[in-house]
Amino acid sequence: MAVHDALVCVAAPALAVCDRDGQLRGAGVAGLYRDGRRLLARCVLTVAGAEPVTVQAGMAGADRVRFVAVARTAADRGPDPAVTVERVRSAEGVETITVTNSGPARALLPVEITLGTDLAPLAAVAAGRAAAGVPCTVSGAGLRWSDGERTVRTTVRPAPDVVLAATGVLGWRLDVPAGASRVIELRTGLGPPPGGGPGGRSGTESRGDSDAGPLAGPGSWSWSRSRSRGSTGAGGGVGPRAAAGDGSVGSAPAAFARPPLLWPAAELEADDPRAGALLRTSLDDLQGLLLRDPRHPADLHVAAGAPWRLATVPPDALWAARMLLPFGTRLAAGTLHTLARIQDPGSGRIGGPARDTGPQLPPLSCAVEATPLFVTVLAEAWRWGLPAREVEPLLPAAERCLGWLRGVATASAAEGLIADPAPGGPLRAEVQAYAHRAALQGADLLEAFGRPGAQEWRERAAGMRAAFRRRFLRDGPAGVRPVVACTADGRALDVVASSLAHLLDGGLAGAGGTTPGLLDKEQKAQLARLLAAPDMDGGWGLRTLSAAAPGFSAFGHRSGAVRVHDTAVAVTGLAAAGLEEAAASLLGGLLGAAEAFGMRLPEIYAGEQRVRGRAPCPHPVACRPAALAAAGAVHVLAALAGVRPDVPGGSVALRPLVCAPAGAVRVSGLRVAQAPFAVRVGRLGTAMVEEAAPGLRLGA
């Protein structure tokens, strides 16, 4: 179902999807959700017998949305309304309604809120399958719904004058003096299980009950998260039963306190003000997407996106952790520990849902992306300063990942290359790039920590590089270039696609350098020119498929739409290949798109050609916020400073974009060697370190 016009706020695993008038009408995808279940589907406000007229709606943070409306009353004289209504709704189920009377006389205002729910799973809502409403009963100063398996309560302050369970109506007669305001607060959350139990009662609840505590379903993962800056809201517990806290719906058990802000000092000042605004919004969204396993509350990672994928997707979590390394290693460590626990201990595989790769190729196995990426994130976190004492416990999992790569390469029988999704399947260029990088970075880790196998993996990487050049490189009118995929019998998918950008993604290596890639310098430059061409760079970012290719579709997830993640990888790859103007063009396209999307980039949007006076066209079902989009934005902005550390070697190199596409830039709140790091880049691309850990020397 379309969500491109909706306002989505997230406090994983809770979220709210709102229409722009602020009303929840029980239709579409709008509602309050927790753990993939709709807790509230209907919340319709009327003042003086009519719905207020919304004049402004917008995000007030990743986890909050704010609506401003006016209400006409019989006391109004002339065209100016005296009564305004502000609604602030949080993803965690708290809504405050502030009614202000700016008129010259006291106002007696009848206010009604109609509530209801279907307790429908998000998957059913997404498929457009309407669910029947759940019967409502009175519950203290509020209402209660139960479907026999779970219970939801909404409590309100002040207590309503009228409660009608049959229609789900709460009513007040607000006495609002001239120049004064009155506030109504609603809190919606999971209540005690039907039929009673510890802290609960069986039967119909009556006024005065205060037995509600947050619950999650048996065996489910439920976790709380940090409030975004200045927000208010409720947390959650872990099932099957959690402590009741202070007795209010949504109170968070102390054992599962919200995680702190991970990037409180991150700041980017630039001549182009969009850059700093995009960084702030992206980090706020990532904070809202944070998840924690309550069994290991120190280990944080991010959900893939809202509203459709508010869950752990290993490649998305790893990519986000990797791209956030300039601002600290805590997210990377938490992500690695979390995924090490779900890794298959026998094979070393890190699984997950398959990814659609368009009409020309079968879906991509999650494992061929996540399993080698685990090694990359660990190696690069170590370069950024993850202490050896934290790296060592993760090395066995990394070795299992390498072992899985060895086994898959052997089964593929393709000269050390990897077929996907199974032996005999296609060989994809980006999969070989993931595996090759992991082999080299894994070798660095094994050697540094005195573990066997480093030489084997360097030899395997050399063999992969030679095999790749034999199988994937084709002569064309403009020179030698790689194909997107090929089969064992030599057939090739010879188009230009954004997935090829991953061949330019050199992993972090010693002395601030990059690992040798599958392409030589000239081949990288040729590929970079293809990616920079107008059929790929449409002005809003990198298309996933060339506009000149058969099957191009501006809305195709892998056949023409702009994917922020691939664009971010291309920006850094193009810069490393020496094509800074092309990198700056893509970066400028992302900034322009971000401005059109209110600085909250969706995971994908239409790959139409940029035209003066026209905004990028949203994709109707794209997640927004999305971890890969938010992390990708951080990645390209961090590239402006070009910080490349080698903490084990005691050095850090600066390779900023010399063309300075955002003008003069200062980035602070970075973390290198577990210490604050700040850098300033002038309009001519000259960089200067302003803050760094003692003893860290500046490299080339």
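On a 1 Å grid over the protein atoms alone, a pocket is an open set of points with protein on both sides within 12 Å along at least five of seven lines, and a cavity is a set of points where a 1.4 Å probe fits but cannot get out; lining residues have an atom within 4 Å of a point. The structure is a predicted model, in which local features need pLDDT of at least 70 and side-chain atom pairs count only at pLDDT 80 or more, while totals for chains, interfaces and linings use all residues. Residues are numbered from 1 along each chain as its sequence is written, and side-chain values use heavy atoms, with hydrogens and water left out.

The largest pocket has a volume of about 880 Å³, a volume being the space filled by probe spheres set on grid points joined across faces, edges and corners. Its lining comprises 40 residues, and Gly 506, Thr 514, Thr 572, Ala 576 and Arg 644 lie nearest the centre. By class, the lining holds 22 nonpolar, 10 polar and 8 charged residues; here Ala, Val, Leu, Ile, Met, Phe, Trp, Tyr, Cys and Pro count as nonpolar, Asp, Glu, Lys and Arg as charged, and the others, Gly among them, as polar. Helix H11 provides the largest share of this lining, 5 residues. Elements that each supply at least two residues include helix H3 (314-323), helix H13 (627-639) and strand S28 (643-646). Helices (H or I, at least four residues) and strands (E, at least two) are DSSP runs, numbered from the N terminus.

Helix H11 spans residues 564-576 and contains His 565. This histidine is buried, with a relative accessible area of 2%, where buried means under 20%, exposed over 50% and partly exposed in between (1.4 Å probe, protein chains only). Beyond its neighbours within four places in sequence, His 565 is in contact (heavy atoms within 4.5 Å) with Trp 319, Met 323, His 502 and Leu 628.

The largest cavity has a volume of about 200 Å³. Its lining of 18 residues divides into 7 nonpolar, 7 polar and 4 charged.

A nonpolar core is a set of buried Ala, Val, Leu, Ile, Met, Phe, Trp, Tyr and Cys residues joined through side-chain atoms within 4.5 Å. The largest such core has 165 residues, of which Leu 601 and Val 643 touch the most other members. Helix H5 (residues 367-384) gives the most to this core, with 12 residues. Not counting residues up to four places away in sequence, the residues that Val 643 touches include Trp 384, Leu 670 and Phe 677.
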